[in-house]
Each structure stands twice: as C-alpha cells, then as structure tokens.
Amino acid sequence: MPRALTAEEIAQVEDDFAAAALRAKQAGFDGVQVHCAHGYLFSQFIDPAHNKRADAYGGSVENRFRIVEETLRKVKDAVGGTFPVFIKIHCNAVEGDAQFASDLVYMLKAAAALGVEAAEISGFDFAKQPRDKRLYYMERARRAREASGLPVILVGGIRTLAEMDEVLEGGLDMVSLSRPFVCQPDILKRLQAGESSKCIGCFGCFSCYQKTGKRCVLH
Ligand code: SF4
C-alpha cells in the first residue's frame, strides 16, 4: 500500500534529484529534465486525485507544486545557472480537469521564475488516444505557453515531419518524439535525407516493451 512521505523523506528525495542531476552533468549530458508526468512521484504530488496530503505539500496548487519547486531550486544550485533544466508535466487531470488547466499555468510560471528553460507537455491519457488522433495536447499546450511565457516542447501523437512543422508553426517551441524512435531509432537522419516516417500505423498497443529491448510489433 502507498503511504505519505514524511517531511524528512521529501527533503531526501529532493536532494537525491539534485545529486542525480549533478552526476548527469559530470557524465557529459547536455541538460536534465525533472519528470512530473505519467504517474511518477512528482506527478502524484501535483495531481489532486492522488495527493491527499493535509500539510504544506497538499491542497492548493502552491502546496502540490512545492516539492517540484524545491527540487528545481536544488537541481539548479547543484548544476549551475547555465546548465539546461527542463520539466515534463501533464496538461490534464482525471478529476477537475478545467481547474488543472489553470493550475498548469501557475506551475509553468513558477518553473520559469526558477530559471527552467522549457516544459515538455504531455497528458495522463496519452496511451488511450485513438489510433488516428494526432497532436493530442496541442491546444492546451498553446494556451499554457501563451499564459505562462515559458517555452513549451510538445509530445504526444507527433509522427511525421508535417506534424512537427504544424507544432512549430502553431506557436510552440520544440517537438519531442517517443514512439517514432521505437520504429526508427535513426528517424532524424532519415527525415533529413527526405525519407518519411514509418510510425504512422501505430495503434497504441504498447507492446514496444520486450525482454530483449524495445521495438514496434509492426515492423
Ligand atoms: S509496438 Fe504498438 S504502441 Fe509501440 S510503436 Fe508499435 S504499434 Fe505503436
């Protein structure tokens, strides 16, 4: 059964994120991303459907985002001001979705105030999207970008070069791909060479995870 973290454990989690970010920098990576989506720990804190705490880390959006803010501050202190730090975050919620959309703007503004370079925007329901749907979170990401001023990276249902262009021409700043890399790990070179994406028949079976690695069942 899950249980609530103590205040000491929260501080330890934050310190561990900062130490991990520093190790990533020392290992030669170009930036780090603090993951606050897809049911991971920080996503559970910011989502009121999961977070039932009655202390300074639960209730209002300020409280639910506090662990992320404290972590970002510690990460920034650990890696130094010029090392890129991003967050990944949901734009929607199972319960109270409209309220969460306005909470998202608060969280992006708070991240921007801490010097976070950009937010990658996803959603809790990315695995349930219809096969033909594309750019799942475009509209909400665009509104959040406008209201917060923080650069936004869109992920979810982006398969082809034309769809990537649509994201950028629609006012967002960067594109993130996941399943297209499962289909074609060298997709960027192929697109540059004028080839087309093979990830257009994805039907969301999520059978990509296999014992011997990750590959699409279609090819
Ligand atoms: S294995 Fe299934 S979910 Fe994964 S990329 Fe292929 S069709 Fe899509």
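Buried means under 20% relative accessible area. That cut-off applies to every close-up below, and the model shown is predicted.

**Close-up 1. Helix α4 and its buried residues.**
In α4, the buried residues are I67, V68, E69, T71, L72, V75, K76 and V79. Their cover includes α1 (7–26), β1 (32–36), α2 (41–46), α3, β2 (85–90) and α5. Helix α4 runs over residues 66–79, which makes 14 residues. At 1.5 Å a residue, α4 should span 20 Å, and its end C-alpha atoms are 20 Å apart, so the two values agree. G80 follows α4 and has a positive phi, near 90°. As background, an α-helix has 3.6 residues a turn, so residues three or four places apart point the same way.

**Close-up 2. E14 and the salt-bridge network around it.**
E14 sits in helix α1. Its relative accessibility is 2%, so E14 counts as buried. Salt bridges link E14, D15 and K74 in a network. Leaving aside residues up to four places away in sequence, E14 touches Y57, I67, E70, T71 and K74.

**Close-up 3. The salt bridge between D103 and R64.**
The side chains of D103 and R64 form a salt bridge, 2.8 Å from N to O. D103 belongs to helix α5 (residues 97–113) and R64 to helix α3 (residues 61–64), so the pair ties together parts that are 39 residues apart in sequence. Both D103 and R64 are buried. Helices α3 and α5 are also among the elements that cover the buried residues of α4.

Side chains of opposite charge can pair when their charged atoms come close. R3 pairs with E9 in a salt bridge, with the closest N and O atoms 2.8 Å apart. R3 has 58% relative accessibility and so counts as exposed. E9, at 25%, counts as partly exposed. In the second pair, R53 and D55 meet through their side chains at 2.7 Å, N to O. R53 is buried, because its relative accessible area is 16%. D55 is partly exposed, at 34% relative accessibility. Across the structure, the count comes to 13 salt bridges.

How many disulfides does a search of the whole structure find? The search finds zero. C205 counts as partly exposed, at 34% relative accessibility. C216 has a relative accessible area of 13%, so C216 is buried.

**Close-up 4. The largest pocket and its lining.**
The volume of the largest pocket is about 460 Å³. Its lining holds 23 residues, and those closest to the centre are H38, F126, S178, F206 and Y209. Which helix gives the most to the lining of the largest pocket? Helix α8 (residues 179–183) does, with three residues.

Conventions. Residues numbered from 1 in each chain as written. Predicted model: local features only at pLDDT ≥ 70, side-chain atom pairs only at ≥ 80, totals over all residues. Heavy atoms only, no water. Salt bridge = Lys/Arg side-chain N within 4 Å of Asp/Glu carboxyl O. Buried < 20%, exposed > 50% of the residue type's maximum accessible area, 1.4 Å probe, protein only. Helix = DSSP H or I, 4+ residues; strand = E, 2+ residues; numbered from the N terminus. Expected span 1.5 Å × (residues − 1). Contact = heavy atoms within 4.5 Å. Disulfide = S-S within 2.5 Å. 1 Å grid on protein atoms, 1.4 Å probe; cavity = no way out; pocket = protein on both sides within 12 Å on 5 of 7 lines; lining within 4 Å. Points joined across faces, edges and corners; volume = space filled by probe spheres on them.
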